[in-house]
Amino acid sequence: MDGFTSRVRTFDAFPKVDSQHTVRSQRGGFSTLMTIFVGLLIVWVEIGGFLGGYVDRQFTVDDEIKSNLFINVDMLVAMPCEFLHTNVLDLTRDRYLAGETLNFEGLNFFIPEGFKINNPNDAHDTPELDEIMRESMRAEFRIEGARINEGAPACHIFGSIPVNQVKGDFHITAKGYGYRDRAHVPVEALNFTHLIQEFSFGEFYPFINNPLDATGKTTEENLQAYKYHTKVVPTLYQRLGLIIDTNQYALTESQHVCNIKDPNKLDIPGIYFRYDFEPIKLIIIERRLPFIQFVAKLATILGGLLILAGYLYRLYDRLLGILFGKKYVEKNTERKSGGLLDNDVKESFQDI
Ligand SMILES: *[C@@H]1O[C@H](CO)[C@@H](O)[C@H](O)[C@H]1NC(C)=O
């Protein structure tokens, strides 16, 4: 063992200055400590960044054709269910009798806490990846086409309507207005005051926040029409192999009181959700550097740090020399007598 160590010691590729000629200084020690500290800090931050990954956002042309997309609805209208007419019309001229998949449940009208009533809902943020992943619990409405207690003063409408991924319009009107119905609801009974708990496109993720969720409108007018125009952007979130394929939408809204006296104008009171799909897809992915690349990056940064520290130290030293003279710079240095660069020797060199 001893033989090995001594052999290794002899096999030292790096030329060394004999330790009796080197000079150690407090300043040098301190700057070494600082360099190590900063180095460790960088390693710490970089490892954190490596484990956490980074979020990459890209737009692509949406190449998927989803012929069967869902509109998820959960809302309360201040009119008895038996008065209401729900329908979807779209560009393909398909007419979906939304009433067949939606559920209608008679309730009393009430405004729960936390709802934004009569606010313009034109501002909305893109949800963050973290938020989406936390709230990615998927759900389905368990029942379809139920009709309960239809005479109650308000109507809870909920469910998912399958539609084509083309421009369309989902609306809630009253019987006898716009469509030929057997019944005709008297004007005094019309009340399109409503609350929206959920309005979204695609798979139903009840906890993801959409611009219309938890909003509502109240009106004193019987012939009120509300129009929500939504532009839907297909969005894919991905983290650690978990993919959430969903849709966001931008919203503009308008409202007016209808004039049903004019037979030439098709102005029908009701709640209208117009939708259109953008041909692009937003992809939000959390990515990670490959490990080798991470190590290379770290090595590059640390190498740079060492070089920088060397420069800074020398600069500092020289600055002190300029400001306070050579004597000050060398004051705190510890030296052994007889060194090659001993003051006496240097001075004697200068004399020559
Ligand atoms: C509609 O119902 C709401 C809630 O009950 C009420 O505040 C509002 O005055 C009603 N509007 C009309 C036009 O009857």
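**A disulfide and a ligand site**

A disulfide joins Cys-81 to Cys-155, with 2.0 Å from S to S; the term denotes a pair of cysteine sulfur atoms within 2.5 Å. The model is predicted, so local features need pLDDT of at least 70 and side-chain atom pairs count only at pLDDT 80 or more, while totals for chains, interfaces and linings use all residues. Residues are numbered from 1 along each chain as its sequence is written, and side-chain values use heavy atoms, with hydrogens and water left out.

A search of the whole structure finds 1 disulfide. The torsion about the S-S bond of Cys-81 and Cys-155 is about 100 degrees, so the disulfide is right-handed. This pair links distant parts of the chain, 74 residues apart: Cys-81 lies in the loop between strand E2 (69-77) and strand E3 (84-90), and Cys-155 lies in strand E8 (residues 154-163). Strands are DSSP runs of at least two residues, numbered from the N terminus.

Cys-81 counts as buried because its relative accessibility is 1%; buried means under 20% relative accessible area, computed with a 1.4 Å probe and protein chains only. Cys-155, at 0%, also counts as buried.

Attention now turns to the ligand. Among the residues that surround the ligand are Asn-191, Thr-219 and Glu-220. A polar side-chain atom of Asn-191 lies 2.3 Å from an oxygen atom of the ligand, and a polar side-chain atom of Glu-220 lies 2.9 Å from a ligand oxygen atom. From Thr-219, a backbone N or O atom lies 2.8 Å from a nitrogen atom of the ligand.

Technical notes
A residue is near a molecule or strand if one of its heavy atoms lies within 4 Å of it. A polar contact is a pair of N or O atoms within 3.5 Å; within protein, one must be able to donate a hydrogen and the other to accept it, and residues adjacent in sequence count only if both atoms are side-chain atoms. Helices (H or I, at least four residues) and strands (E, at least two) are DSSP runs, numbered from the N terminus. Buried means under 20% relative accessible area, exposed over 50%, partly exposed in between (1.4 Å probe, protein chains only).
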